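Here are my notes on the model, point by point. Please keep the structure open while you read.

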Amino acid sequence: MANIVEKIIDSRLRWFLKKNNILDSRRNGFRRDRSTTNTLHDIQQEIYSTLEEKHLMGLVSLDISKAYDITWCPRILKILLKIICNAINDIPLFIQPPVKCTLFADDFNIFCRGTNSNRTKKHLLEAILALQAWTYASGFSFSAEKSQFIIFTNKRNIGNTSITMNNIPISIRKSIKILGILFDSRNTYIPHLKTIRNGLSYKNEYPIMSGSQIVGKSLLESIANI
C-alpha cells in the first residue's frame with residue numbers, strides 16, 4: 001500500500017511541476033521525455049555549429065561538491081514553501097547569454113562560443129563569478145579541482161585559455177566525459193570509440209554469429225582498427 005501511495009504522490013507532483021513550469025526548461029533527468037539524450041544533443045549541437053562556423057567553444061564541466069550530501073536544510077524548507085522540489089533547480093537562472101548551460105541531476109555544464117578566445121573566456125569567467133554568488137545563497141560549493149575545461153575548435157593557435165575558480169586553475173583537457181560520452185576538442189569521437197574498443201573483449205565475450213550479426217562484426221572490427 002505504501003508503494004502505491006508513493007507512486008500516486010510522485011505522479012501528481014510531476015504533473016503539478018510540469019503544468020506550472022516550475023522546473024527550469026534547461027534541466028533534464030528524472031523527468032518524462034527528458035533524458036541524457038536531451039543534454040548530450042544540446043551540447044553536440046553547439047559543438048557542431050561551432051566547428052561548422054569556424055568558431056571556438058569553451059565548455060566548463062563543473063563538479064558540485066557532494067550535491068545531495070550537503071544540501072542545506074533551511075534552503076530546502078524555503079524551496080519547499082515555494083513548491084520547488086530540488087535545491088539546485090534554480091542554478092540555470094544565474095547563467096546569462098551568450099553563455100549557455102545544461103543541467104542533468106547534479107551534472108552541470110556551462111559553455112560559450114564565438115570567434116574570439118579572449119572574449120569567450122571573459123564570458124565564461126563572468127558566469128563562474130555568478131555561480132559563486134549562487135553558492136553563497138544555496139549552501140552548495142563547486143570543486144575546482146574536480147571540474148574540467150575544454151576548448152572545441154579546429155584552430156591551431158587560440159592563445160591563453162586558462163580558467164580559474166576561487167583562484168584555483170580548472171584543468172584543461174583535450175577530451176572530456178559528459179554523461180558517459182567522451183567528447184574531444186575536434187569532435188571526432190575517436191577517443192570515445194577507443195575507450196569502447198579497450199573495454200570490449202569481443203572475441204571471447206561477444207562471439208560473432210552468422211547472418212544478421214555480420215553487421216555487428218563489421219562495426220566491432222571498425223572500432224578495433226581505430
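1. A polar contact here is a pair of N or O atoms within 3.5 Å; within protein, one must be able to donate a hydrogen and the other to accept it. Keep that cut-off in mind for threonine 153. A polar atom of its side chain lies 3.0 Å from the backbone nitrogen of lysine 155. Note also that this is a predicted model.

2. Where does threonine 153 lie? It is in the loop between E5 and E6. Its relative accessible area is 6%, so threonine 153 is buried, given that buried means under 20%. Leaving out residues up to four places away in sequence, threonine 153 touches Leu51, His55, Leu56, Ile158, Ser185 and Arg186.

3. Threonine 135 is another buried threonine, at 12% relative accessibility. This one lies in helix H4. Its contacts, again without residues up to four places away in sequence, are Phe140, Ser141 and Phe142.

4. Helix H2 covers residues 36–52. The buried residues of H2 include Leu40, Ile43, Ile47 and Leu51. Just after H2, lysine 54 has a positive phi of about 60 degrees.

5. Now the interior. In soluble globular proteins, nonpolar side chains tend to be buried together. Here the largest nonpolar core has 27 residues. Phe108 and Ile110 have the most contacts inside it. At least two residues of this core come from each of strands E2 (56–64), E3 (100–104), E4 (107–114), E5 (142–152) and E6 (163–165), and from helix H4 (117–138). H4 gives the largest share, 5 residues. Apart from this core lies another, of 12 residues, with Leu51, Leu59, Ile150 and Ile176 among them.

6. What does isoleucine 110 touch? Not counting residues up to four places away in sequence, its contacts include Leu59, Val60, Leu62, Ile95, Val99 and Cys101. Leu124, Ala127, Ile128 and Leu131 are also among the contacts of isoleucine 110.

7. Check the cysteines. Cysteine 101 counts as buried at 7% relative accessibility. Cysteine 112 is buried as well, with a relative accessible area of 1%. How many disulfides does the structure hold? The count is 0.

Conventions:
Residues numbered from 1 in each chain as written. Predicted model: local features only at pLDDT ≥ 70, side-chain atom pairs only at ≥ 80, totals over all residues. Heavy atoms only, no water. Helix = DSSP H or I, 4+ residues; strand = E, 2+ residues; numbered from the N terminus. Expected span 1.5 Å × (residues − 1). Buried < 20%, exposed > 50% of the residue type's maximum accessible area, 1.4 Å probe, protein only. Core = buried A, V, L, I, M, F, W, Y, C linked by side-chain atoms within 4.5 Å. Contact = heavy atoms within 4.5 Å. Disulfide = S-S within 2.5 Å.
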